[in-house]
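Student: I have a structure open and would like to work through it with you. Could we start with the charged pairs and then move on to other parts?

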Amino acid sequence: MELKRCGWVSNDPLYQQYHDTVWGRPVYDPLELFAKLCLDGQQAGLSWITILKKQQNYYDAFADFIPEDIAQFDEQKVEALMQNTGIVRNRLKVNSIIRNAKGYLTFTQEGGNFSEFLWGFVGGKPIINHIETPDDIPTQTPESEAMSKALKKLGFNFVGPTICYAFMQAVGMVDDHLVSCHCRTGNSN
């Protein structure tokens with residue numbers, strides 16, 4: 001019997017594996033959340049599968065998303081990244097990861113817990129939505145709008161409300177698996 005998945009999942013095995021084992025599963029580790037937020041920003045104007053296929057290249061190019069290391073990237077490093085065919089070579093997007101690392105460090109050096117901060121937008125636990133069809137999935141919500149505004153205030157960019165909502169879905173802050181999907185909370189896997 002074939003598993004029922006969300007309508008956005010293609011037949012690509014990588015996409016199916018991502019959907020079945022990653023997307024919508026709660027993530028609480030601050031560094032993992034930072035990396036995912038940066039990666040979601042890279043998909044602006046592109047499909048997620050494009051970034052998913054380049055994900056390891058991003059980890060290699062951006063020091064495993066360790067903010068302290070990324071914050072040290074200088075213009076010479078940016079120029080080298082602009083030659084890296086394994087990532088999306090968009091200067092604004094490359095610089096956004098560096099900028100986000102600096103924002104993350106400022107926030108944490110002032111005593112902030114990045115995981116608690118982000119999860120606070122959903123009350124600390126996943127919001128389980130009742131999504132019947134792909135058309136029912138919102139592209140942004142009041143929570144993603146608030147997260148976007150707060151992240152921008154911290155100095156982050158490529159964190160608009162739509163990107164924030166995609167991030168919230170990916171890290172399990174919201175469960176937007178279709179009610180028919182085998183991965184939905186409460187459905188047997």
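Student: Is Lys36 buried or exposed?

Tutor: Lys36 counts as buried, because its relative accessibility is 10%, and the cut-off for buried is under 20%. Please keep in mind that this is a predicted model.

Student: Which residue does the Lys36 side chain meet in a salt bridge?

Tutor: The partner is Asp40, with a distance of 3.2 Å from N to O. Asp40 is also buried, since its relative accessible area is 2%.

Student: Where do Lys36 and Asp40 lie?

Tutor: Both belong to helix α2, and they are four residues apart, about one turn of the helix. In general, an α-helix has 3.6 residues a turn, so residues three or four places apart point the same way. It is also a general point that side chains of opposite charge can pair when their charged atoms come close.

Student: How many salt bridges does the structure hold?

Tutor: There are five salt bridges in the structure. One of them joins Asp20 and Arg5, whose closest N and O atoms are 2.6 Å apart. Asp20 lies in helix α1 and Arg5 in the segment before α1, so this pair ties together parts that are 15 residues apart in sequence.

Student: Are those two buried or exposed?

Tutor: Asp20 counts as buried because its relative accessibility is 14%. Arg5 counts as partly exposed, at 22% relative accessibility.

Student: What about Glu75, which residue does it form a salt bridge with?

Tutor: Glu75 forms a salt bridge with Arg91, and their closest N and O atoms are 3.5 Å apart. Glu75 lies in helix α5, residues 75-81, and Arg91 in helix α6, residues 91-109, so the pair ties together parts that are 16 residues apart in sequence. Glu75 is partly exposed, with a relative accessible area of 48%, and Arg91 is partly exposed as well, with 35%.

Student: Which residues are linked in a network with that pair?

Tutor: The network of salt bridges links Glu75, Glu79 and Arg91.

Student: Changing topic: which residues gather in the patch of negative charge on the surface?

Tutor: The patch is made up of Asp60, Asp64, Glu68 and Asp69. Asp60 is found in helix α3, which covers residues 48-61. Asp60 counts as exposed because its relative accessibility is 54%, and exposed requires over 50%.

Student: And where does Asp64 lie?

Tutor: Asp64 lies in the loop between α3 and α4. Asp64 is partly exposed, with a relative accessible area of 48%.

Student: What is the phi of Asp64 near?

Tutor: The phi of Asp64 is near 55°, a positive value in a residue other than glycine. As a general rule, most residues other than glycine have a negative phi. Ala63 is not a glycine either, yet its phi is positive, about 50°. Ala63 is found in the loop between α3 and α4, and it is partly exposed, with a relative accessible area of 22%.

Student: Now helix α9, please. Why is it largely enclosed by the rest of the structure?

Tutor: Helix α9 spans residues 161-170, and eight of its 10 residues are buried, so the rest of the structure largely encloses it. Among the buried residues are Ile163, Tyr165, Phe167 and Met168.

Student: What covers the buried residues of α9?

Tutor: The cover includes the helices α1, α2, α7 and α8, together with the strand β2, residues 174-175. After α9 comes Gly172, which has a positive phi near 75°.

Student: Which residues does Ala166 touch?

Tutor: Leaving aside residues up to four places away in sequence, Ala166 touches Asp40 and Gln43. Ala166 is found in helix α9 and is buried, with a relative accessible area of 18%. The C-alpha atoms of Ala166 and Asp40 are separated by 7.2 Å, although these residues are 126 residues apart along the chain. Asp40 is the residue that meets Lys36 in a salt bridge.

Student: And Gln43, where does it lie?

Tutor: Gln43 lies in the loop between α2 and α3. Gln43 counts as buried, because its relative accessibility is 13%. With residues up to four places away in sequence left out, Gln43 touches Trp48, Ile51, Lys93 and Ala166.

Note on methods
Residues numbered from 1 in each chain as written. Predicted model: local features only at pLDDT ≥ 70, side-chain atom pairs only at ≥ 80, totals over all residues. Heavy atoms only, no water. Patch = residues over 30% accessible without salt bridge, like charges linked within 9 Å, V, L, I, M, F, W, Y side chains within 5 Å. Areas by Shrake-Rupley, 256 points an atom, 1.4 Å probe, with all protein chains shown as cover. Salt bridge = Lys/Arg side-chain N within 4 Å of Asp/Glu carboxyl O. Lys, Arg positive; Asp, Glu negative; His and termini not counted. Charge placed at Lys NZ, Arg CZ, Asp CG, Glu CD. Helix = DSSP H or I, 4+ residues; strand = E, 2+ residues; numbered from the N terminus. Buried < 20%, exposed > 50% of the residue type's maximum accessible area, 1.4 Å probe, protein only. Contact = heavy atoms within 4.5 Å.
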